[in-house]
Amino acid sequence: MKIKQVKARQVYDCRCTPTVEVDVTLDSGAFGRAIVASGASTGKFEALELRDGDPSRFRGKTVYQAIKNIEQEIAPAVIGFDASRQADLDQLLIELDGTPNKTRLGANALLGVSMAAAYAAAQEAGVPLYRHLGGAEARTLPASWVQLFNGGVHTERSIDIQDFSIIPMNARNHDEYLEIGYEIFQTTKDMLRELGKPVGSGDEGGFWPIFDYNEEALELIMQAIRRAGFKPREEIMITMDVAASSFFADGKYHLELEDKHLSAQEWAQMLESWVDKYPIISIEDGMAEEDWQGWELLTARIGDRCQLVGDDLFTTNVERIQEGIRRGAANASLIKLNQIGTVTETLAAVKVSQNANYLPVVSARSGDTEDNTCVHIAVATNSGQLKPGGLTRTCRINKYNEVVRIGQELGDKAIWPIPDLFARFLK
Ligand code: PGA
Ligand code: ZN
């Protein structure tokens, strides 16, 4: 499975922001192609996304240097390497870069090669990527958080909280799950129309909220669930991504919409009151990425009845996840390939989480593409949860479609993860 050729080019994500695409061809002719996704609400501890920074070209966002790094440095180093040895290949990439945060060659350059090589090796082996990476045990289809409202930096901060999504808990399979999600998504749209509010969407495909206060999103979701004919809590749970790092400054949480400036204690209290009042099963980045104490506080308060997901907190980084486990901060981890920069490190982050009973949630990014690698990572690791975004835009829906294809491939071997996945929070 020797790598024969590596080609890279600048392509464009769903915001038309430049990004890296890589093709890897093996001696046998087997071929792999991957595109690296890109975030807007990025964590401070993420591996470096290398951009050229020339303001006259794509507002500084071109990735020509990353492409050059692939062509001139990475390609010569990996040609002749056995693509089936993913862990060794990724180790080679990490050493070639030689910096802790992949700042020299760029995590986007390394990841493009890492993913494309994985696809090529899978093709050579004649299996889909999830099977190549996860083996015969890889057969859990992920339940996707269906985003209803986008917010935070994905909607010009029209509300502070970054997203609100739902999980249909009683769906027996992915098709039924999506059908229920669709019904509630469309009902939300009907209600927005009736209220004279906009029905356009944010970067991740949830509706763009023009609200007076953050909790209005929760109130509307409850109404939409009921109006669509479902029972909140028994049938539908809510998830939120607070992305609290984006409104944390000087030790306080600043809800601009409500002009509230809260200590970690007060903010945790507010989140707890929402969990008491609404069927919230999951809160992501409830606290800021540097506020370990706030995280410990929140986890102690509601960690037994709510999934608490570290995204900016953990950045798919094994060491940060281990730190969280040690401290009792969060009880779940968001997994994004480009936060860390190789396939192997991504899989390691999932493993460390699972070993500590932290549920992994594999996620797309706000700048995503036709690339479906995140879906395959979810299935490969039996994570059980995926965060693709709302029910608009191809860069979101293609993730749902890939789950459909994988479901058909697995047939009756497929495992559908809910509601068991959340049993510990639902006692
Ligand atoms: P991002 O947002 O891709 O813009 O970072 C997604 C998230 O915060 O989960
Ligand atoms: Zn997040």
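Let's start with the shell around ligand 1: by class, it has seven charged residues, five polar ones and two nonpolar ones. Keep in mind that this is a predicted model. Of the 14 residues around the ligand, the ones that come nearest are A40, H154, R365, S366 and K387.

Where does ligand 1 sit relative to the two domains? Domain 1 (3-126) and domain 2 (136-425) both give residues to the shell, so ligand 1 lies between them.

## Polar contacts

Now for some side chains that reach oxygen atoms of the ligand. K387 has a side-chain N or O atom 2.7 Å from an oxygen atom of ligand 1. For E284, a polar side-chain atom lies 3.1 Å from a ligand oxygen. Then there's K336, with an N or O atom of its side chain 3.3 Å from an oxygen atom of ligand 1.

How much of ligand 1 does the protein cover? On its own, the ligand has 280 Å² of accessible area, and the protein covers 100% of that.

## Spaces inside the protein

Rolling a probe the size of a water molecule over the atoms is a handy way to see where empty space is left. In this structure, there are two cavities of 30 Å³ or more. The space that ligand 1 takes up is the second largest cavity.

What about the largest one?

How values were computed:
Residues are numbered from 1 along each chain as its sequence is written. Chains are lettered from A and ligands numbered from 1 in the order in which they are written. This is a predicted model: local features need pLDDT of at least 70, side-chain atom pairs count only at pLDDT 80 or more; totals for chains, interfaces and linings use all residues. Side-chain values use heavy atoms; hydrogens and water are left out. A residue is near a molecule or strand if one of its heavy atoms lies within 4 Å of it. A polar contact is a pair of N or O atoms within 3.5 Å; within protein, one must be able to donate a hydrogen and the other to accept it, and residues adjacent in sequence count only if both atoms are side-chain atoms. Accessible areas come from the Shrake-Rupley method with a 1.4 Å probe; for residues, only the protein chains shown count as cover. On a 1 Å grid over the protein atoms alone, a cavity is a set of points where a 1.4 Å probe fits but cannot get out, and a pocket is an open set with protein on both sides within 12 Å along at least five of seven lines; lining residues have an atom within 4 Å of a point. A molecule sits in a cavity or pocket if more than half of its atoms lie within 2 Å of its grid points. Ala, Val, Leu, Ile, Met, Phe, Trp, Tyr, Cys and Pro count as nonpolar, Asp, Glu, Lys and Arg as charged, and the others, Gly among them, as polar. Domain bounds come from an automatic or database domain assignment. Grid points are joined across faces, edges and corners, and a volume is the space filled by probe spheres set on the points.
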